[in-house]
Amino acid sequence: LCVIESASNLAILIVQPLWDKFGDLAFSSWFRGEGLNRNVGGAKNSQHLTGAAVDIIPACGVDAMWGGIKDAGILFDQAILETRGESRWIHVSWSSKPRSQYLTSPKVGVYLPA
């Protein structure tokens, strides 16, 4: 799939339903080119490289969204609660073959079942 198609699927199938359920969302990262992905320490196979992943900071608060995300009825590839020092956000991704993974990431490169 091309970046535009992946980003569109993510927007329509995941981001809009999240917005409808949780209210205003801020996006700290969506599509990232290879250089930016490398500079921010992204994985070499990051779904951000294809526009299929977005990092969200919800206006309702990360804890509120994370607490309700499994019950939202949205089919994710991954939903990851990410923490880096004082910063927290929720990474969500789309795939045509979703894995429905719910993970936490307390530091770079560490992913634990949620």
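Visitor: Which residues does Met65 touch, not counting residues up to four places away in sequence?
Guide: This model is predicted. Contact here means heavy atoms within 4.5 Å. By that cut-off, Met65 touches Leu18, Phe22, Leu25, Ile56, Pro58, Cys60 and Ile90.

Visitor: Which residues have the most contacts inside the largest nonpolar core?
Guide: That core has 21 residues. In soluble globular proteins, nonpolar side chains tend to be buried together. Those with the most contacts inside the core are Ile14, Leu18, Met65, Ile69, Phe76, Ile90 and Val92.

Visitor: Which element gives this core its largest share?
Guide: Helix H1 (3–22), strand S2 (53–58), helix H3 (62–69), strand S3 (78–84) and strand S4 (87–93) each supply at least two of the core residues. The largest share is 5 residues. Its source is H1.

Visitor: What pattern does the chain follow along the sequence?
Guide: The secondary structure comes to 3 helices and 6 strands. Read in sequence order, the pattern is α-β-α-β-α-β-β-β-β.

Visitor: What is the radius of gyration of the chain?
Guide: The C-alpha atoms fill a box of roughly 35 × 30 × 25 Å along the principal axes. With 114 residues, a compact globule would have a radius near 13 Å. The chain agrees with that, at 13 Å.

Visitor: What percentage of contacts between residues at least 6 apart in sequence join residues at least 24 apart?
Guide: Buried residues make up 39% of the 114 in the chain. Among contacts between residues at least 6 apart, the share joining residues at least 24 apart is 54%.

Visitor: How far apart are the mean positions of the positive and negative charges?
Guide: The chain has 10 positive and 10 negative charges. Their mean positions are apart by 9 Å.

Note on methods
Residues numbered from 1 in each chain as written. Predicted model: local features only at pLDDT ≥ 70, side-chain atom pairs only at ≥ 80, totals over all residues. Heavy atoms only, no water. Helix = DSSP H or I, 4+ residues; strand = E, 2+ residues; numbered from the N terminus. Rg over C-alpha atoms; globule rule 2.2 N^0.38 Å. Buried < 20%, exposed > 50% of the residue type's maximum accessible area, 1.4 Å probe, protein only. Lys, Arg positive; Asp, Glu negative; His and termini not counted. Charge placed at Lys NZ, Arg CZ, Asp CG, Glu CD. Core = buried A, V, L, I, M, F, W, Y, C linked by side-chain atoms within 4.5 Å.
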